[in-house]
Amino acid sequence: MEILETAFMQRALIAALLVGITAPAIGIYLVQRRQALMGDGIGHVAMTGVGLGFLLSTNPIWMATLVSVVGAVTMELIRAYGRTRGDIALAMLFYGGMAGGVLLINVSDTGSTGDLSSFLFGSLSSVSDSDLIAIGALAAFVVLVSVGLRRQLFAVSQDEEFARVTGLPVRFLNLLIAVTAAVTVSVAMRVVGLLLVSALMVVPVAAAQQISRSFRATFALAVGIGVAVTLAGTTTSYYQDVPPGATIVLLAIAVFIALTALATPLARLRARRTEAARAGADGRGTGAPECPSETLSEVPRTRLPGDDVKV
Amino acid sequence: MSEPAIAADGETAIGDAVISMRGARATLGSRPVLRGVDLTVRRGEVVALLGANGSGKSTAVRSVIGQIPLTEGEIELFGTGLRRFRQWSRVGYVPQRTTAASGVPATVREVVSSGRLSRTRLGLLSRADRAAVDRAIALVGLADRAKDSVGALSGGQHQRVLIARALASEPKLLIMDEPMAGVDLASQEILAATLRDQVAAGTTVLLVLHELGAIEPLIDRAVVLRDGCVVHDGPPPKAVGQHALPGHDHVHPHAADEPLRTGLLT
């Protein structure tokens, strides 16, 4: 395979693989908590981190991680304690983050708005060796949290009040989800870009849950879809010279549409199979038992037409 | 009231207070919801908390589990102050059922398993834990639905899942917030039977109820709240009297003497 021969494509594919695993893995908890757009907010905040990275001439990934973690923790604290106008506070954070990024990158000597755009929309050729090390370390953290603590995170995301009564450290776990989401944004920004990170956290999960019945299956399927679309998108981007982030997201949405279309016939098939199993157990052959027709006549006529009349 | 004696194995002696709430005051926003509530539930008792909508009964149980902080007063669970209480596996909680399902599908077993977390270390389920989860699912009569998505269940079945989740940790104290609300008759009877078995095994129960209904024979004591104050603490009111309870101003969508359906002529 020609694509695997160049060093930058090897790095890009490894990075894409890690993004495909981590983004849906933490995204599923965000979807479960109905915070699907949180990743988007973190992505905006991370831009300030990228700008700061250029200004201080450090690796933008680490700087973005730092700033987006701070931003995510702030968002979680606003969610937990903020009683009024939480949405306004979040909006300040989102747009402040974006504006800060644009400003800082223009102030710095090394960066330009063009550099920023590679972070906004992702770019394959820009994944360096040191980036790959950073992405690998951060991805390991995300996988460790989202898989290792899946039962705790599931409980907290399912029902926070109940989780507190089981003695789980709810506040800590909430912060952990926020921090992990922030780290995932930094992992993904090189490949899909900051503006499209959130899509990869949400769309594979949304696609998977069209046909799954359990959390476990949704998780596995979402990660599978994530890996498939990131690898396919990166490859397409290499051959067709289209931006990788946009290709990946459009592929993910195509998978979502395909699975949504598949959902209804699949549900029908499952229902038929359950009925067949029940009928087999009863020894009555195939097909669902019809409603016995005599029940209709058993319904007592409790209400006469005159009951309704009130003059 | 003095501190209840705690036996060496951590079990409170028979008759000791499992829940003890004294002078509880709480506000939601700026509105006082509890205005000096005293509530004691002793070991093995089944206590119903009754009252109209907005009388503070849900707030009372939610403050017992630490979800709503008190502005004044104190709460003890099993003789330990709520702030220092850590043995959450002894408490089973059934929240008021919310109609909004979670964003991601989950099976009955997955949801019930999360109730077992208080008994596990680092969230790893041992074989005994899995058996306890299966037992809890069987108790509420959903063994054949264990692999089904919670979203595919009826309201009554969903409520049974939440009760199974609370029972998964084999608690000594069950706290239930309106377990019968919006539950069909068949599920109500299964719930009552489940509860009867739990009570027979010595579990202490505190329930918030709107109407006594199918679980009435189980109830030892009723506490009636009105505007955040206890107005009755004693034997449960008789069935005929439940709508005449002090503080019961539940507004029905129809008057009793009118037909349910109303036509154009009315």
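Predicted model: local features only at pLDDT ≥ 70, side-chain atom pairs only at ≥ 80, totals over all residues.
Figure 1. Chain B has 266 residues, of which 43% count as buried. Its secondary structure consists of five helices and ten strands.

**Figure 2. An open sheet of four strands in chain B.** The strands run in the order 2-1-4-5, and their pairing is antiparallel. Strand 2 (31–42) and strand 5 (80–81) of chain B each have a single partner strand and stand at the edges, so one side of each is left without a neighbour in the sheet.

**Figure 3. Pairing of strand 1 with strand 4 in chain B.** Strand 1 of chain B covers residues 17–28 and strand 4 of chain B covers residues 72–77; five bridges join them in the antiparallel sense. Which residue of strand 4 stands opposite Arg25(B)? The residue facing Arg25(B) is Glu72(B). Elsewhere in this pairing, Ile19(B) has Leu77(B) of strand 4 as its bridge partner.

**Figure 4. The hairpin of strand 4 and strand 5 in chain B.** Two bridges link strand 4 of chain B to strand 5 of chain B, again in the antiparallel sense. Leu77(B), the bridge partner of Ile19(B), also stands opposite Thr80(B) in strand 5. Two residues lie between the strands of this hairpin, and Phe78(B) takes a positive phi near 50° there.

**Figure 5. Helix 1 of chain B and the residue Gly66(B).** Helix 1 of chain B spans residues 57–64 and is mostly covered, with eight of its eight residues buried. The buried residues are Lys57(B), Ser58(B), Thr59(B), Ala60(B), Val61(B), Arg62(B), Ser63(B) and Val64(B). Just after this helix, Gly66(B) has a positive phi of about 85°.

**Figure 6. Helix 2 of chain A and the residue Ser57(A).** The 18 residues of helix 2 of chain A, 38–55, reach 26 Å from the first C-alpha to the last. This span is close to the 26 Å expected at 1.5 Å a residue. Helix 2 of chain A is mostly covered: 16 of its 18 residues are buried. Ser57(A), just after the helix, takes a positive phi of about 55°.

**Figure 7. Packing of helix 1 against helix 10 in chain A.** Two packed helices are described by the angle between their axes and the distance between the axes. For helix 1 of chain A and helix 10 (residues 197–208) of chain A, the angle is about 70° and the axes are 7 Å apart. That makes helix 1 of chain A roughly perpendicular to helix 10 of chain A. On helix 1, the contact includes Val19(A), Ala23(A), Pro24(A) and Gly27(A). Helix 10 contributes residues including Val197(A), Leu200(A), Met201(A) and Pro204(A). By class, the residues of this contact are 14 nonpolar, one polar and no charged.

**Figure 8. The side of chain A that touches chain B.** In this view, 30 residues of chain A are in contact with 29 residues of chain B. Helix 1 (7–32), helix 7 (150–158), helix 8 (160–165) and helix 11 (215–240) of chain A each supply at least two residues of the side of chain A that touches chain B. The largest share, five residues, comes from helix 7 of chain A. The side of chain A that touches chain B divides into eleven nonpolar, nine polar and ten charged residues.

Key
Residues numbered from 1 in each chain as written. Chains lettered and ligands numbered in written order. Contact = placed C-beta atoms within 7 Å. Nonpolar A, V, L, I, M, F, W, Y, C, P; charged D, E, K, R; others polar. Expected span 1.5 Å × (residues − 1). Buried ≥ 20, exposed ≤ 12 C-beta atoms within 10 Å, placed from the backbone. Pairing = 2+ DSSP bridges. Axes fitted to C-alpha atoms, helices over the stretch in contact; angles between N-to-C directions. Parallel < 35°, antiparallel > 145°, perpendicular 65-115°, else oblique.
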